[in-house]
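Biologist: Could you take me through this structure step by step? I would like to begin with the overall picture and then turn to the details.

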Amino acid sequence: MPAPPVGIEKIVIFFNGKMKRYLKFIELPLSERKFCQSCQQLLLPEDWEGHQEHRVMGDVSTTQLRRPSRLLSPLENKKTNAQYLFADRSCQFLVDLLSTLGFRRVLCVGTPRLHELIRLKASGDEKSNIKSLLLDIDYRYSQFYMEDSFCHYNMFNHHFFDGEAALEVCRTFLQDDKGEGVIMVTDPPFGGLVEPLAVTFKKLIAMWKKGQSQDNTHEELPIFWIFPYFFESRICQFFPSFRMLDYQVDYDNHALYKHGKTGRKQSPVRIFTNIPPSRIALPVEEGYRFCPLCERYVSLENQHCEHCGSCTSKDSRKWNHCFLCKKCVKPSWVHCSTCGRCALPDHSCEGPRDGCFVCGELDHKRSACPKISASRKANKAVRKQKQRKSNKMKMETAKGQSMNHTSVPKKKKRRERVHQYLSS
Ligand SMILES: C[S@@+](CC[C@H](N)C(=O)[O-])C[C@H]1O[C@@H](n2cnc3c(N)ncnc32)[C@H](O)[C@@H]1O
Ligand SMILES: [Zn+2]
Ligand SMILES: [Zn+2]
Ligand SMILES: [Zn+2]
Ligand SMILES: [Zn+2]
Ligand SMILES: [Zn+2]
């Protein structure tokens with residue numbers, strides 16, 4: 001028998017069961033293209049009978065197939081872990097930014113809507129031919145993508161559900177072109193712990209590094225980590241080269257929004273990155289300006305403090321400089337002479353202290369204290385992570401149920417912290 005042409009094994013892998021179904025599906029006339037909303041599944045004529053009592057949508061167009069994040073309903077099981085999808089404005093901003101910065105490959109970790117917009121642009125515009133690989137735990141997406149553009153993945157323990165073949169897809173993607181022109185963009189569930197995520201991202205960075213030539217050893221894999229601003233100290237503890245941008249990431253279905261004075265929605269979500277902020281222009285028409293002293297774009301309300309020497313606001317409100325604390329503080333805080341620092345006016349000076357029990361700072365709790373040994377906490381998180389069965393999560397997601405990674409008391413604590421930040 002003649003030897004198969006080079007690469008045939010790879011092609012065979014692509015045409016697995018799911019893909020065969022997809023190819024059959026797009027061959028169907030429009031009137032026979034159905035999607036079961038109850039089961040979140042594309043239906044072939046032989047499946048129809050089993051879904052008679054379900055909510056079935058007909059005439060699924062090619063345009064709809066190219067935007068699975070609109071066809072699938074976002075997972076909304078838990079407030080802290082819901083699938084928050086980018087609003088068009090933010091998604092468009094990200095794609096334009098990636099293109100302006102000259103990236104040719106984007107590893108999308110938990111960003112299905114960004115992945116699909118990149119692919120849409122690439123198919124419609126010859127010039128912007130950016131490739132994208134999506135890693136996500138939401139298995140429903142496997143119906144719409146080949147194995148070279150989607151891997152079923154758990155970002156909390158760096159697990160590829162389809163084993164070595166999927167890991168190889170990711171490795172090739174990161175190491176292609178000697179690792180040049182690639183960026184990782186991630187938007188993890190906000191209820192997730194920073195430590196296991198950081199451990200995972202370091203593994204992806206190491207994978208990318210292995211494809212680098214020897215003389216590039218000091219280079220870093222460019223990353224956009226999208227997360228609420230109040231995790232800044234935690235993220236920078238693991239990735240000291242990261243800076244937080246002022247850009248407010250908007251979502252279609254975000255529970256943490258609150259209305260600002262202008263009536264405009266204020267999002268607490270920001271971009272953390274190791275790309276110099278001076279290279280990232282934020283849209284002036286959306287209320288950002290360039291601060292020549294800080295050499296970065298900031299929101300209009302974020303004023304440059306001459307005493308601190310920087311634009312100090314973290315939450316896009318105007319912060320005030322306190323000469324006693326020698327730093328800028330949130331507008332809602334006043335200096336308390338009993339405590340010797342700024343705090344909310346209704347804090348209790350006696351009784352249990354607000355803020356951190358370890359270092360006394362008011363802007364974080366003990367659990368987020370940068371002074372507690374990072375390694376001790378990371379080890380604890382990894383131990384906890386190991387205890388969780390990865391297949392439990394696989395089953396839960398397949399059923400569209402909870403994607404819960406944290407114990408109940410921890411989650412409750414985190415929700416309280418989020419609330420505390422948003423109401424101060
Ligand atoms: C906050 S949403 C971000 C979606 C993004 N804003 C978008 O529009 O493309 C979190 C994403 O991470 C995925 N996700 C949740 N838990 C995950 C896990 N353990 N491993 C990998 N992905 C996960 C969800 O399915 C979801 O797509
Ligand atoms: Zn059904
Ligand atoms: Zn400034
Ligand atoms: Zn100041
Ligand atoms: Zn003060
Ligand atoms: Zn006090």
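Biologist: Where does the model come from, and what is its average pLDDT?

Modeller: The model is predicted. The chain averages a pLDDT of 83, and 75% of the residues score at least 70.

Biologist: Where is the pLDDT below 50?

Modeller: One such stretch is residues 377–383, which has 9 contacts in the model beyond near neighbours in sequence. The pLDDT also stays under 50 over residues 388–408. For that stretch the model has 32 contacts beyond four places in sequence.

Biologist: And what are the scores for the complex?

Modeller: The predictor gives an ipTM of 0.98 and a pTM of 0.82.

Biologist: How many helices and strands does the chain have?

Modeller: There are 12 helices and 21 strands. The chain has 424 residues, of which 31% count as buried. Among contacts with a separation of 6 or more, 55% join residues 24 or more positions apart.

Biologist: Let us move to the ligand. Which residues come nearest to ligand 1?

Modeller: There are 20 residues around ligand 1, and Gly110, Thr111, Arg113, Ile137 and Asp138 come nearest. Two elements, α6 (112–124) and β6 (150–154), each give two or more residues to this shell. The largest share, 3 residues, comes from α6.

Biologist: How does the shell divide by class?

Modeller: The shell around ligand 1 has 12 nonpolar, 4 polar and 4 charged residues.

Biologist: You mentioned β6. Why is it described as largely enclosed?

Modeller: In β6, 5 of the 5 residues are buried, so the strand is largely enclosed by the rest of the structure. In a regular strand, side chains alternate between the two faces of the sheet. Phe150, His152 and Asn154 lie on one side of β6, with Cys151 and Tyr153 on the other, and both faces are covered.

Biologist: Which strands pair with β6, and in what sense?

Modeller: Strand β5 (residues 131–136) pairs with β6 in the parallel sense over 3 bridges. Within this pairing, Asp136 has His152 of β6 as its bridge partner. Strand β7 (residues 159–160) pairs with β6 in the antiparallel sense over 2 bridges. Here the bridge partner of Asn154 is His159 in β7.

Biologist: How many residues lie between β6 and β7?

Modeller: The two strands form a hairpin with 4 residues between them. In the turn, His158 has a positive phi of about 50°.

Biologist: Now a change of topic. What is the strand order in the open sheet of 3 strands?

Modeller: The order is β2-β1-β3, with antiparallel pairing. The edges are β2 (41–43) and β3 (56–57), each with a single partner strand, so one side of each is left without a neighbour in the sheet. Strand β1 (residues 34–36) and β3 pair over 2 bridges, and Cys36 stands opposite Val56 in β3.

Biologist: Which strands does β13 pair with?

Modeller: Strand β9 (residues 223–228) pairs with β13 in the antiparallel sense over 5 bridges, and Trp225 has Phe272 as its bridge partner. Strand β10 (residues 243–244) pairs with β13 in the antiparallel sense over 2 bridges, and Met244 stands opposite Phe272.

Definitions and conventions. Residues numbered from 1 in each chain as written. Chains lettered and ligands numbered in written order. Predicted model: local features only at pLDDT ≥ 70, side-chain atom pairs only at ≥ 80, totals over all residues. Near = placed C-beta within 6 Å. Nonpolar A, V, L, I, M, F, W, Y, C, P; charged D, E, K, R; others polar. Buried ≥ 20, exposed ≤ 12 C-beta atoms within 10 Å, placed from the backbone. Pairing = 2+ DSSP bridges. pLDDT = per-residue confidence, 0-100. Contact = placed C-beta atoms within 7 Å.
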